[in-house]
Amino acid sequence: MAIRKEAYKALESVVGSEFITDDPILCEGYRSGPGGYESATGYERVMTMPPGAVILPRTTEDVQKIVKICNRYKVAYVPYSTGFYGPRSHCHVKNELLIDMKRMRDFELDDKHWYAAVQPGVTYSPLQAECLKRGGYVVVGGGGAQVSVVANMICDGWSPLSLRIGFPHRRILGVEVVLPDGEILRMGSLAVHDDAFWGEGIGPDLRGMLRGYTGVLGCLGIVTKLALKILPFQPEELKPTGISPNTGLALPVNRVKWLNFQVPSKEAETQVMYEIGKAEIAGAVTKVPLFWRAIAKTEGKEEFWDEWGKESEETIKNFHIVRVLLIGFTSEAQMRYDEAVLNDIVKEVGGVQRPTKPIDQSWIKNADSAGMWLMCGAYVSVDYIIESIPHADTHGPTYAKLKARYTPPFMPDYGDPGWTMVCEAGHQGYSEYLVYWDPDEDTNPVDQFYVETSKMNIKDRYYTSLLGSHQPLYLTGPKYGPNYHEWLLKIKGEFDPAWICHPPVPLAHDEFVERAEWMKSTKDWETPDELPMPKW
Amino acid sequence: MSIKDELEQIVEKKNVRDAAEDLVRYSRDLSLNPPGMPEVIVRPETSQQVAAVVRWAGTNNVPVVPVSSSTHFHGCTIPKQGGVILDMVNMNRILEIDEYNRKVCIEAGVTWRQLTEELDKRDMRVIMPLLPHPERSVLTDWLEREVPTNTVYDYGEPMQSLEVVWPTGEIFRAGSASVNGYPDSKSKGTNPSGPGLDFYRFVQGAQGTMGVVTWTNLKIESKPKIDNILFAAIDDLGRAQDFLYRILPRRIGQEVVLLNNVDLATILTDKWPDDFEKLRAALPAWTLIIVISGLLRRPEEKVAYEMEFLGEVIRNEFKDIALTDNLPGFPGIGKKLLSLLRKPWPKEVYWKNQWKGAAHSLFFIAKPSATPLYKSIVEEIAEAYGYALEGLGMYIQPIEHNRACHMEFNFFYDPECASEKALIKSLSCEAAKELLNSGAFFTRPYGDLAAINYERAGGYASALKRIKKLFDPNNIMNPGNLCF
Amino acid sequence: MANDRYDTPKKKVSFEVRDLNNFVYDMSRCIKCKGCYWVEHTYMPGIKYTTRCPSGTWNEFDSYQAAGKVRIGLAVAEGKFDWTPKLLEVIYADPLCGACDVGCKRNLDLEIGLSLEALRIKAVKDGAGPMPAHKKIARNIADTHNRFGAPHDSRKKWIDKGIGVAEKADVLYFGGCSASYTNNEIAQATGKVLNASGTPFMVMKDEWCCGNVLYSVGMIDEATEIAKRNIEAVKASGAKTLLTSCAECYRTWKVDYPKMLDIATADLGFDVIHLLEFADDAIRNGSVKPVRNVDLRLTYHDACSVSRLCDAWRPWKGERGWMGTIEPRYKRRRGAEGLYGQPRNILGAIPGLTVVEMPRIRENAFCCGAGRGTKEAFPDLARFSANQRLEEVREVGAEALVSACPFCKNNFSQAVKAHGEEVKVMDIAEVILASL
């Protein structure tokens, strides 16, 4: 399997022979799965394949030339920044070009104006390191510090540190995109200047095309440069300590500390998080699934299952630990103020402080997201939605109820309702539902569960993430907007009429449901006889 | 059937007008734009009616100009190609105040006066731009990206999910209000983003060209328990910016505002014209206003730590800045300004219009360090045009940790004097070009600014037109604005 | 097991590298987090020096870092590909520095290092590997018992009059091929340090190559023969401790020998230590006294085989079942036993030295790129890696670069010379000696 010779030659002239290959061995290295995010699923097996060729551009001009060549020869392509995101960021059709963005690593930082401009090959890890050196920080997305900043900012992008800034799209400033037809679109101040410091449109804001709460997996173009906001932090150093696997940032506790509180009930949990938001204190607040704590405590998989085996529905129901990160942005006195207010809040609900190590192993550098796979070997977050606190309160338990019907193959988690936190100082609540399974089990129910969650959200009138990228567009489309899918398809059709940019997204999940035998039973919605896209 | 007749079929008869005296009122506003007459005025009462009017207009190729306020400063609502004025005045309900989730849901016709009075009763507030006109639509001011005086919220804009009628006539909900059955849903409409794409971005800054927003959810905030308003007299703008670069990233202050003597005098003057001349002459070149507030919990302690921090910074690094709770020579200014900052403009004549009858505002987003340069650019051009510098109003609004700022120049003029208007129009154009060349970023290209900016941002304009064409294939939605 | 909740069939599996199928699980569970490639995030220094995978940094296709290699490895296990030059390059252009293994094991329980070793063993078994340069080394070892093909009887020439070697002692100093032939200065410095400490030491009657390259390139049968022979020789000598000043020999003896023989390091019958461990103890207990000023601003390079790769070997075989859990339990080798503190203690005790750390140190160190047969087969990769490291040396303004491995020393020296730079490249044995 390879792309057309003429196309290959033309592409080779852009980057040189060193940075393009159609060798099947090298292409095999770019296969999605079998391990990874949302891997070991029917979607991955049915919808992905190794690329026909891989190319490594260096500049925006390279990308533009590549896209134009692909247009000329009708070569499908997928932009790929690290490949971490699982099957949906890999090749879906035959003879597809995978555009590996890792050589695009330009990085600028303006610490006076609190922003950095990056190319897609820059991950959060070095960005955060550079920010911390200068008294700033960014929100490293839950996916981990290894994810591409650009990819995360146009698809997901939050963590408990989003307490104050909230929605990830708010952090995007100027952006440069190579549209599917090869035109370059610069947004924000980049539209008129060589400086990406501001992101709003000149008039209407075309950043609306980049994402919609969550993103569209690069099917509307390739972001080649993105500026994002850095948040002011505090001046003390967070020293990396420990030898792998026990590394972490030693926190200067006069200016940064994590505090764990045990509270008597779920309502108390919600109240604490709500009041913290309302009091406009703290840098992060979250309640994590109990099994994450077990992962952090144990040395390996078997030990995890020992620990986890001790839990039950009872213990889950009674596990109410809220984690709070205090940051002394202004001064030590401000830190003391925050802590006094926090203690007032916790006291009001009858909570107690639990011992907490003065170390951050998770969110600030987020070096441990890979631990999600320790337990079972396969994992996906089926939904992660910022809405209101009441929405978050019930969304997780609703998922847990549905998931129980699919356990096994899902991991036994005794009905844990998932991860919650608050955003934008409590104006929103957040719930994320994560599922885990053993890839060697029958994974068909995983695929079926995925679609059932969309139906559950529609029926119970929840908002949901991953609209347009992960769920059947013709299932969710009519029910949200309504008919958001028609606008999305119109915009897709306008900018990529030949559907060469990451086909068949955003109809990939619809296509999957049509192709996979075990999905037929889930299909109870209308789709057109022919999905409105060219056949690959 | 006449247009009026047809529209009366859609909305009630009382909600359709085409008398000359009514049409004239919509044909002009407080901007420098030339007048333009609509053909008819429609005042729908429901989203369905809005949708029906828009569908009718689409079918009949008649322009629609959405109007949500009774006062307009920028010319967007002057019909450029005739058509129907879609006045949202009847859609002025506060649909919901949700104190738990700290949000309101308001229709497009809800005014600042109306909303602030209602929220006041519940000890809540919505963050505000500087002294909004009391009769302006809150929804539209936020859609048009007015910049808030409050610098402390990282999340900036209060907008959440909204409902829009697209130019094709479809009613669509953006954000989490898109859930079927909303508001009878688990979703409360707090998320502006999605579904699928960030549709709400397309209508922001759109000057009514991308659709008619019928209602929106907005974040509201708790009212502080304690407020300390502080002032510093500033001669050197660059030095003021150094100070703001130092303190704002430390999350100091609620409202932080920088006004020159002309603007501040315009705001403070009660007795015109005598007090104005005195104030303008006596006020320092710039006044930095910082409100330090204590919130719901331990308010005194919050004020204390912020004051302690400020004191230390001033003692050690900014001895030349005297930040006090009163501006020397201006007794009572604190109380007066604090009240002004938390409410819409209280008087009948808008503050910008008190002096000469009208003012033209030229504003953009800038890096704060560049503001002294922009000041000298505009002053030089103003002088060249014979515009007296002692009549040049200036306002700088720091944004989010001083990562950027809104910079605004106010040119005051007599709206009855054609030559003055022409002078200011030309002056403003030339200044805009020079400012753009020097790094200023115009996110709200009203009037002449549109052509200047879209020419330079050709790629952006081209993509924008492609999007516009999808939503408004016949270009009926407020044509003649922006690049449409 | 209490966790046998589902009906998952159990599979017999072991960490025996002779069978690639033992590592299909590990290769199939790679999540592409690229912890194998990046410096560990907690220690990420900034926008420069972000990676610690030499092969993946040298050739930027994913296929050259572990995340790509394991996917290719699965295809090899399935018999999907013929052995092509490209496939051999992917598998062999790699110093097996352990960054991927340790990086992955920060969070997961996957045996990436063993998977890569098993791939090479399969390449050799299938008659495709190793690389021609490796075959030459193998011939040399077979003919002259050293990897250079130099005369075997010159092996002990480094022992000069100034060094006292005992007939019999508890400590046996294993010089290794490099110290014996190309880097006499290391063996000599080590000998003198041992003498100065008052610790008697002997050398092997008939020292042969440890077989490091043979094992590393997948020639496990030949390497096993050498291992058996060498272990017998040490036992016959009566030594309680084998000491070496070569990181690669250290790893080979301590880890690969027991691995090949399916025993634990603890069951070798003698201790294996590096000069670093000896000198650290000796300085602490006063038997080595660094008294002379050494006026040098130096930086220390953590050679892979005394860092990520030297956790004591523990064999394992058993069953894997539900959720991938194994029985019996296995304490994973995550690189936490690396000799990180010892060299820093040693250097800290030497008067006059200014020790500055490079951005990537300890388990995040960027491999010199030379070891385990890599330089011979892929000189460009070795050059590239050395140059990457030298950038860090420049960054911290060090006058000298010190390591505990002759492979590192020689590769860095060549790179320094090629650039015409003034950096002194030394072995830690020389630095210690200079302080006595």
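1. Leaving aside neighbours within four places in sequence, B:Cys76 is in contact with B:Gln207, B:Gly208, B:Tyr446 and B:Asn481. Contact here means that the C-beta atoms of two residues, placed from the backbone, lie within 7 Å. B:Cys76 itself is found in the loop between β3 (64-67) and β4 (84-87) of chain B. For the naming, helices (H or I, at least four residues) and strands (E, at least two) are DSSP runs, numbered from the N terminus.

2. A word on provenance before going further. This is a predicted model, in which local features need pLDDT of at least 70 and side-chain atom pairs count only at pLDDT 80 or more, while totals for chains, interfaces and linings use all residues. Residues are numbered from 1 along each chain as its sequence is written, and chains are lettered from A and ligands numbered from 1 in the order in which they are written.

3. Is B:Cys76 buried or exposed? B:Cys76 counts as buried because it has 26 C-beta neighbours inside 10 Å. The cut-offs are 20 or more other C-beta atoms within 10 Å for buried, 12 or fewer for exposed, and partly exposed in between, with C-beta atoms placed from the backbone. B:Gly36 lies 40 residues away from B:Cys76 in sequence, and their C-alpha atoms are 11 Å apart in space.

4. Now chain B as a whole. It holds 15 helices and 18 strands, and 57% of its 484 residues are buried. The C-alpha trace spans about 75 × 55 × 45 Å along its principal axes. The radius of gyration of chain B is 23 Å, which agrees with the value near 23 Å for a compact globule of 484 residues. That radius is taken over C-alpha atoms, and the globule rule is 2.2 Å times the number of residues to the power 0.38. Of the contacts in chain B between residues at least 6 apart in sequence, 71% join residues at least 24 apart.

5. Which chains share the most contacts? Of the two pairs of chains in contact, that is chains A and B. There, 75 residues of chain B are in contact with 77 residues of chain A. On the side of chain B that touches chain A, β9 (171-174), α6 (199-203), α10 (299-317), α14 (448-456) and α15 (458-471) of chain B each supply at least two residues. α15(B) gives the most, with seven residues. By class, this side of chain B has 31 nonpolar, 22 polar and 22 charged residues. Ala, Val, Leu, Ile, Met, Phe, Trp, Tyr, Cys and Pro count as nonpolar, Asp, Glu, Lys and Arg as charged, and the others, Gly among them, as polar.

6. Chain C also meets chain A: 56 residues of chain C are in contact with 57 residues of chain A. α3 (66-77) and α4 (85-92) of chain C each supply at least two residues of that side of chain C, and α3(C) gives the most, with five. The residues of this side divide into 23 nonpolar, 15 polar and 18 charged. Chains B and C do not touch, and their nearest C-alpha atoms are 22 Å apart.

7. Chain A has an open antiparallel sheet of five strands, in the order β5-β6-β12-β8-β9. Strands count as paired if DSSP finds at least two bridges between them. β5 (107-110) and β9 (184-187) of chain A are the edge strands, each pairing on one side only. The twist averages 10° from one strand to the next.

8. Within that sheet, β12(A) (residues 222-229) is mostly covered, with eight of its eight residues buried. β6(A) (residues 115-118) is joined to β12(A) by four bridges, and A:Val118 stands opposite A:Leu226. Five bridges pair β8(A) with β12(A), where A:Val178 stands opposite A:Ile222. β8(A) (residues 172-178) also pairs with β9(A) over four bridges, and A:Leu185 in β9(A) is the bridge partner of A:Val177.

9. Last, a helix pair in chain C. The axes of α16(C) (residues 379-395) and α17(C) (residues 406-419) come within 9 Å and cross at roughly 75°. Axes are lines fitted to C-alpha atoms, for helices over the stretch in contact, and angles run from 0 to 180 degrees between N-to-C directions. The two helices are therefore roughly perpendicular to each other, a label for angles of 65 to 115 degrees; under 35 counts as roughly parallel, over 145 as roughly antiparallel and the rest as oblique. Their contact has six nonpolar, three polar and two charged residues.
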